[in-house]
Amino acid sequence: MKWIHNLLKCCSFSAVLFTFQACYGTPEDMLEADATCTIHVVDASGKDIPNVEVLVKNNASGDKLYADTTNGAGMAFIKEYMACSVVNLKFELRPLENADFQPKDTVIMGLSEQITITLDHK
């Protein structure tokens, strides 16, 4: 009889542990930490533009969510979990260091895996 009692105690305790892990397991931002959105900045001919500061803001409140600068291939990498709850995002692109491109502001409705933005020459 005692072994049945111990077996029931073990099953009850494991049920509590499963419930605890389901409710308080790995935080959501830890699961999405590797997810990124790639911003590809090009000119009208499709050539990559390096050294462009990319600011991501909440369009409704104006709060800055993330910032990055494009690399030599014209790519900036935005961590998605920084802005995943915001529906429409404002992107501000500002060329740095003697660039002959005009700054650009654009609003994008939600993030996708890759977004290509074209800058115009001055």
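Which residue in β6 does N88 stand opposite? N88 faces M109 there. The model is a predicted one, in which local features need pLDDT of at least 70 and side-chain atom pairs count only at pLDDT 80 or more, while totals for chains, interfaces and linings use all residues. Residues are numbered from 1 along each chain as its sequence is written, and side-chain values use heavy atoms, with hydrogens and water left out.

Helices (H or I, at least four residues) and strands (E, at least two) are DSSP runs, numbered from the N terminus. Two strands are paired if DSSP finds at least two bridges between them. Strand β5 (residues 88–95) is joined to strand β2 (residues 52–58) by seven bridges, and these two run antiparallel. Within that pair, V54 has L93 in β5 as its bridge partner. β5 also pairs with strand β6 (residues 104–109), again in the antiparallel sense, over six bridges.

Two threonines lie in other strands. T38 is part of strand β1 (residues 36–42), and T69 is part of strand β3 (residues 64–69). Relative accessible area, computed with a 1.4 Å probe and protein chains only, sorts residues into buried (under 20%), exposed (over 50%) and partly exposed (in between). T38 is buried because its relative accessibility is 14%. T69, with a relative accessible area of 34%, is therefore partly exposed.

Contact means heavy atoms within 4.5 Å. Leaving aside neighbours within four places in sequence, T38 is in contact with M75, A76, F77, E113, Q114 and I115. With residues up to four places away likewise not counted, T69 touches N51, V52, E53, M75, A76 and L96. The C-alpha atoms of T69 and L93 are separated by 9.2 Å, the two residues being 24 apart along the chain.

Helix α1 (residues 2–24) contains W3. This tryptophan has a relative accessible area of 60%, so W3 is exposed. Together with M1, I4, L7 and L8, W3 forms a nonpolar surface patch with about 620 Å² of accessible area. Such patches take residues with over 30% relative accessible area and no salt bridge (a Lys or Arg side-chain nitrogen within 4 Å of an Asp or Glu carboxyl oxygen); nonpolar side chains (Val, Leu, Ile, Met, Phe, Trp, Tyr) are joined within 5 Å and like charges within 9 Å. Areas come from the Shrake-Rupley method with a 1.4 Å probe, and for residues only the protein chains shown count as cover.

C11 is accordingly in no disulfide, and the count of disulfides comes to zero. C11 is partly exposed because its relative accessibility is 44%.

Note on methods. A disulfide is a pair of cysteine sulfur atoms within 2.5 Å.
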